[in-house]
Amino acid sequence: MANRFPIIDADAHVVETERTWDYLDESDRKYRPRLFSTPDDPTRQYWVMDDKIAGFRFPTLTERELREFADRVGRDFATPQAARELDDVDLRLKHMDELGIDVQVLHNTFWIEQITTKPATEVALCRAWNRWLADISKQSHGRLFYSCVVPALNIDAALAEIKFAKENGGVAVCMRPLEGERHLSDPYYYPIYQLASDLDLSIAVHIANGNPANADLYRMAPAGRFAQFRVPTVTACFDVIMSRLHEDFPKLRWGFIEASAQWVPWIARETAIRYRAQSRAFPDNVFEAYNIFVTCQNNDDVPYIVGCCGEDRLVIGTDYGHTDPSSAVTALNEFQRMEGLNSAVKEKILSHNAKALYALQDRIARN
């Protein structure tokens, strides 16, 4: 390992392609999503299932187009296509070496919204994706792990996927802030939380929105994707804190991913006010007491946030493979140059906190 301590990218991505669905079981091939594009803009592609647009696909830009886009917005998110789509695992690892990243935890791109209301379809696609990522993780020799996707419409199948992931490179269970008509504190999900806790897996609440009506409300509004995906993630953290989940699952770890961390002091204050109104005891550091981690960004006021939640609650990621406001493949290098934080705190955010969130202490390859 080139670094003195392992640099962990806590929020990286894989971009699904048609080859992802080669992992579908033979009996499930009828559920295979297809990619379509429009003649006037071949960079825009859409996943189609059951004659409906479903799932999410970033524009297919060449490396030159990505660099031109990155220059315009002042952030570096150019990545080799075969690396971000993980057709070439060795190329991804080589690029990680160039970026000074030892380990990445991979999150999906496809499931940012609800993809289906049919349990059988959801089971088939989740199963295929998890087996694709298991294969990728195996090829990475201890450098690529993943947050498994679960068919929330079928709890028994979800539990089976969690057990598979634990044995095949999975380090977290991906949950959307809203799953259909249910919020994360709904007892319906308790079997998932219990198994994740038993298997020492975290719950990774990545920005997304599984409620179609809520997502559609802001689709064409000025607030756009901020209201669709980031705000529900913050609300989900508020919901988790206000619930009794920490009592029912005291060992369960929560990661709120890709919504920045500037909201952490606000949520801590607002939940404290409501605890007092309910005559409930509020911990000195609710994020530490309830095992909550949050990904920060370089444009956050990280020293101020650390003062609120402590040194052990923040992790950081690159959003590798994406081109949205959180994306910057050089983010971890830039963070190391941030002023206002001592080296010990930076080391925790770059390494030790992510190891704790994803229980990577004994899983990272020692090269």
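Start with the charged pairs: the model holds 17 salt bridges, each one a side-chain nitrogen of Lys or Arg within 4 Å of a carboxyl oxygen of Asp or Glu. Side chains of opposite charge can pair when their charged atoms come close.

Before you click, note that this is a predicted model, where local features need pLDDT of at least 70, side-chain atom pairs count only at pLDDT 80 or more, and totals for chains, interfaces and linings use all residues. Residues are numbered from 1 along each chain as its sequence is written, and side-chain values use heavy atoms, leaving out hydrogens and water.

**Stop 1: Glu85 and Arg19**

Select Glu85 and Arg19, a salt bridge whose closest N and O atoms are 3.5 Å apart. This pair links distant parts of the chain, 66 residues apart: Glu85 is in the loop between α2 (81-84) and α3 (89-99), and Arg19 in the loop between β1 (8-13) and β2 (34-38). Those labels come from DSSP runs, numbered from the N terminus: helices are H or I with at least four residues, strands are E with at least two.

Is Glu85 buried or exposed? Glu85 is buried, at a relative accessible area of 4%, while Arg19 is partly exposed at 41%. Here buried means under 20% relative accessible area, exposed over 50%, and partly exposed in between (1.4 Å probe, protein chains only).

**Stop 2: Asp200 and Arg253**

Next, pick Asp200 and Arg253, a salt bridge with its closest N and O atoms 2.7 Å apart. Asp200 sits in the loop between α6 (190-198) and β10 (202-206), and Arg253 in the loop between α9 (245-248) and β11 (254-257), so the pair ties together parts 53 residues apart in sequence. Asp200 is partly exposed at 38% relative accessibility; Arg253, at 11%, is buried.

**Stop 3: Lys348 and Asp312**

Now try Lys348 and Asp312, another salt bridge, with 3.0 Å between the closest N and O atoms. Lys348 belongs to helix α14 (residues 343-358), and Asp312 to the loop between α12 (302-309) and β13 (314-316). Lys348 is partly exposed at 24%, and Asp312 is partly exposed at 30%.

**Stop 4: helix α10**

Finally, select residues 264-277, which make up helix α10. Which residues are buried in α10? Among them are Val264, Ile267, Ala268, Thr271 and Tyr275. An α-helix has 3.6 residues a turn, so residues three or four places apart point the same way. What covers the buried residues of α10 includes α8 (224-242), α9, α11 (286-289), β12 (292-296) and α12, counting contact as heavy atoms within 4.5 Å.

Definitions and conventions
The expected span of a helix is 1.5 Å times one less than its number of residues.
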